[in-house]
Amino acid sequence: DLTPALLLRQTILGLSRNDQLRDAIERAPISRDVVHRFVGGVSAQDVLRVASELVDTRRSVTIDYLGEDTVDPAMATSTRDAYVELLRVLSEAGLTHDGTVEVSLKLSALGQALGRDGNTIALENARVICQAAANAGTTVTLDMEDHTTTDKTLWVLHELRQDWPWVGAVLQSYLYRTEQDCRDLAGAGSRVRLCKGTYKEPESVAFQSKADVDLSYVRCLKILLEGEGYPMVATHDPRLVEITSVLAEKARRDPDSFEFQMLLGIRPEEQLRLAATGARMRVYVPYGDEWYGYLMRRMAERPANLGFFLRGLATK
Ligand code: FDA
């Protein structure tokens, strides 16, 4: 059934494949500020500036070089190289010590979808990035994509953690399997980012209603906070942020033994408020040539952002 909300979402997702609109937005200097609310720019230098500003306001950062679903080995290599260069730039600027600014990787952008050997290619590319991160004194988190990749990504995580135990994972509370994955990954030294999940998943593998996804989030949160690892609580949901604080106190967690994470440009006042309470707050900053698809997906997730975007275009 096509509700107005679903129709709007589909229209926006349709626009995400419209190259003319992308070019128009890119050319219009008026929209730059608006785009930059959600995207850290195109080049490593752009994102360096954004990261420095966040660090200056007591927020740490994880940077995602945008590019997904690579079916071209050369593109996977160039994504890998972009990360290595980014880590060099960040390290030279003194931003990577103690993981202040780290990087987030999508294995699909590193070759995971390249046929039978895809996962091994992605692993080898990720190894190069992990070594560069280790040299820079920082960490890496593997983003989680749709459910057909969960096992493959957790296998890559397991392999990488043999050499770099600080490599972080992402688990999605909308998947039925995730409570068990939380138990498996709640051990000492692990870093787990818990999010609700952003892909359209079938009923056979995922909760469909917001209420069920939220309840699962709380169950997973409890497991992670009561475990011995380092939970990374990625949500903008005010109720879940509050519940996290209560559960963390119950589990006798120090404020520096877990962190909150939010996306660049979303609830920035809340990010600053949490940081001011002494909580650890990390901002996820995407950047790169492929910013347009990312922006449109955020708009589709929450069409209220579209109003903000169009108003900015009209008034700037
Ligand atoms: P949800 O979308 O249910 O919103 C709940 C409430 O939060 C809203 O009612 C509102 O109050 C507030 N809110 C949400 N969005 C807002 C906005 N734009 N402006 C103002 N208020 C807003 N997914 C994935 O599948 N794999 C991954 O690797 C990651 N990685 C990741 C990293 C980080 C740091 C974050 C924050 C998120 C992800 N995600 C992700 C995305 C995640 O799965 C999810 O799609 C979004 O975070 C949206 O879910 P929320 O938890 O914010 O709640």
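Biologist: By class, how many nonpolar, polar and charged residues does the shell around the ligand have?

Modeller: Bear in mind that this is a predicted model. In total, 23 residues surround the ligand. Sorted by class, the shell has 6 charged residues, 7 polar ones and 10 nonpolar ones.

Biologist: Which residues are closest to the ligand?

Modeller: The shell around the ligand draws on strands, with E4 and E7 each supplying at least two residues. As for the closest residues, they are Asp143, Cys195, Thr198, Thr235 and His236.

Biologist: And where does the largest share of that shell come from?

Modeller: Two strands to look at are E4 and E7, each giving at least two shell residues. The largest share is 3 residues, and it comes from E7.

Biologist: What is the strand order in the open sheet?

Modeller: The sheet has 8 strands with parallel pairing. Its edges are strand E3 (140–142) and strand E4 (169–172), each of which pairs on one side only. From one strand to the next, the twist averages 30°. Reading across, the order is E3-E2-E1-E8-E7-E6-E5-E4.

Biologist: Zooming in on one pair, which residue in E6 is the bridge partner of Leu194?

Modeller: Strand E5 (residues 191–195) and strand E6 (residues 230–234) run parallel and are joined by 4 bridges. In E6, the partner of Leu194 is Val233.

Biologist: What angle does the direction of helix H11 make with that of E8?

Modeller: Start with another helix, H5 (residues 73–92), which packs on the sheet against strand E1 (60–65) and strand E2 (101–105), its direction making about 150° with that of E1. Helix H11 (residues 268–276) also packs on the sheet, touching strand E7 (259–263) and strand E8 (281–287). Its direction and that of E8 make an angle of about 145°.

Biologist: Is Asp98 buried or exposed?

Modeller: Asp98 sits in the loop between H5 and E2, and has a positive phi of about 55° despite not being a glycine. The cut-off for exposed is 12 or fewer C-beta neighbours. Asp98 has 10 of them inside 10 Å, so it counts as exposed.

Biologist: How about Arg252: buried or exposed?

Modeller: Arg252 is in the loop between helix H10 (238–250) and E7. Arg252 isn't a glycine, but has a positive phi of about 55°. With 9 other C-beta atoms within 10 Å, Arg252 is exposed.

Biologist: How far apart in space are Thr178 and Gly227?

Modeller: In sequence, Thr178 and Gly227 are 49 residues apart. C-alpha to C-alpha, the distance in space is 15 Å.

Biologist: Last one: is Arg298 buried or exposed?

Modeller: An unreviewed UniProt entry places "binding site" at Lys106, Arg297 and Arg298. Arg297 is in helix H12 (residues 291–301), and with 14 C-beta neighbours inside 10 Å it counts as partly exposed. Arg298 is in helix H12 too. It has 22 C-beta neighbours inside 10 Å, so Arg298 counts as buried.

Methods: Residues numbered from 1 in each chain as written. Predicted model: local features only at pLDDT ≥ 70, side-chain atom pairs only at ≥ 80, totals over all residues. Pairing = 2+ DSSP bridges. Axes fitted to C-alpha atoms, helices over the stretch in contact; angles between N-to-C directions. Contact = placed C-beta atoms within 7 Å. Buried ≥ 20, exposed ≤ 12 C-beta atoms within 10 Å, placed from the backbone. Near = placed C-beta within 6 Å. Nonpolar A, V, L, I, M, F, W, Y, C, P; charged D, E, K, R; others polar. UniProt positions renumbered as here; feature names shortened; annotations may be inferred.
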